[in-house]
Amino acid sequence: MLDLADIKAAVSAGLITEAQAASLTSLAHSRRGARENLAVGDEPFELFKGFNEIFIVVGLGILSLGWAGIVGVAASSEITNPQQASVLYGSIGAVALWALSEYFVRRRRMVAPAIALSVLFAMNAGLALTAYFAQPFMVAQEDFASLPLPFAIGTFGLFVYWFRFRVPFAMAMIAVGLFIVAMLMAATSSGTPESPSDLFLLSAGGPFAWITLALGIAVFLVAMMFDMSDPHRVTRRSANGFWLHVVAAPALVNTVALTLLARDSQGANLALLAILAGFAFVAIIIDRRSFLIAAIGYIVTLAATVMGGDGAAMTVFVLGLVLLLLGAFWERIRAVLLRLLPGFIPLHRLPPSTFSRE
């Protein structure tokens, strides 16, 4: 095992450059942070590194509430155009959040404050842009033609924020922002759906369900790009993939599950179980528990709110049992499945199995 002294000696001997040494040290620190306390084969997940980060997040929340109150008082007494006021206060908020991100994210590399700041940046951009571009009277009459532009600009601004600070959670919000923009554009061109369920039923009129399905597939593919570029799960690329899987799984299973549940037949229920088995197969192969838990969690929500009755209780019971079994034997099951896969699948770009050599 190499330590810092070995790296310094390698630089002194001319084997590596100082830049390479700095990159190697940074990678080692990142790997220790992601893997040091994990069991072999476990999936890295980190929301905060210590209570000081929670302390800072609470401070950011209180600061934001205070700023919202100041803006509310100032806007109510503002003589200028409300649209101009939204640009002014939105710009001040964006600059302040950017500066805080430079310190807490770029310099201090804190996890929880990074998530909080990315959420606040998205909220600030969304509120300011909506106040500037949206037409309240049109929205009140279910005409959403004025909403796609501010949400699209806000999503692009969030992408710029992610490009600068590489906060993985911001990637998930970008995916949600694209989903909202697509839905608003569909509502503008095809009209508002008659009921909320029409948003996710493939049999319903309009493109809403197909948009959900297409975006779910697209988000999953982007998540796999991040995952396959970091198969050992030691960099932020893996964290980006984690949060994108959390968004992709509900988008995929929501449309398919509601479409099947709407048929209310034994065949539809069996088809739903087969689809969940497919989700489990994919999650095990790519070694992403987050993908499976997000899908099953959404099914449990649907069972409790849409299905109801004894069937829902049995469904929840079986899903819980399946999760326990997978949690206990995940790596062994994965090793077996990996050995059964055809040779054209790039297994070298997937996380290695700890039981693959048995």
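**Notebook: salt bridges**

I began with arginine 288, which forms a salt bridge with aspartate 227; their closest N and O atoms are 2.7 Å apart. The model I am reading is predicted.

I then looked up where the two partners sit. Arginine 288 lies in the loop between α11 (266-286) and α12 (289-307). Aspartate 227 belongs to helix α9 (residues 208-228). The pair links distant parts of the chain, 61 residues apart.

Is arginine 288 buried or exposed? I found 0% relative accessibility for arginine 288, so it counts as buried. Aspartate 227 has a relative accessible area of 3%, so I noted it as buried too.

Next entry: the neighbouring stretch. I found a salt bridge between aspartate 287 and arginine 289, with 3.6 Å between the closest N and O atoms. Aspartate 287 is buried, at 5% relative accessible area. Arginine 289 has 24% and is partly exposed. The cut-off matters here: buried means under 20%, so arginine 289 does not count as buried.

Next entry: glutamate 102. Which residue does its side chain meet in a salt bridge? I found arginine 164, at 2.9 Å from N to O. This pair also links distant parts of the chain, 62 residues apart. Glutamate 102 is in helix α4 (residues 82-107), and arginine 164 is in helix α7 (residues 148-165).

Glutamate 102 is partly exposed, at 25% relative accessibility. Arginine 164 is partly exposed, with a relative accessible area of 31%.

Last entry: the tally. I count three salt bridges by this rule, which asks for a nitrogen of Lys or Arg within 4 Å of a carboxyl oxygen of Asp or Glu, side chain to side chain.

Methods:
Residues numbered from 1 in each chain as written. Predicted model: local features only at pLDDT ≥ 70, side-chain atom pairs only at ≥ 80, totals over all residues. Heavy atoms only, no water. Helix = DSSP H or I, 4+ residues; strand = E, 2+ residues; numbered from the N terminus. Buried < 20%, exposed > 50% of the residue type's maximum accessible area, 1.4 Å probe, protein only.
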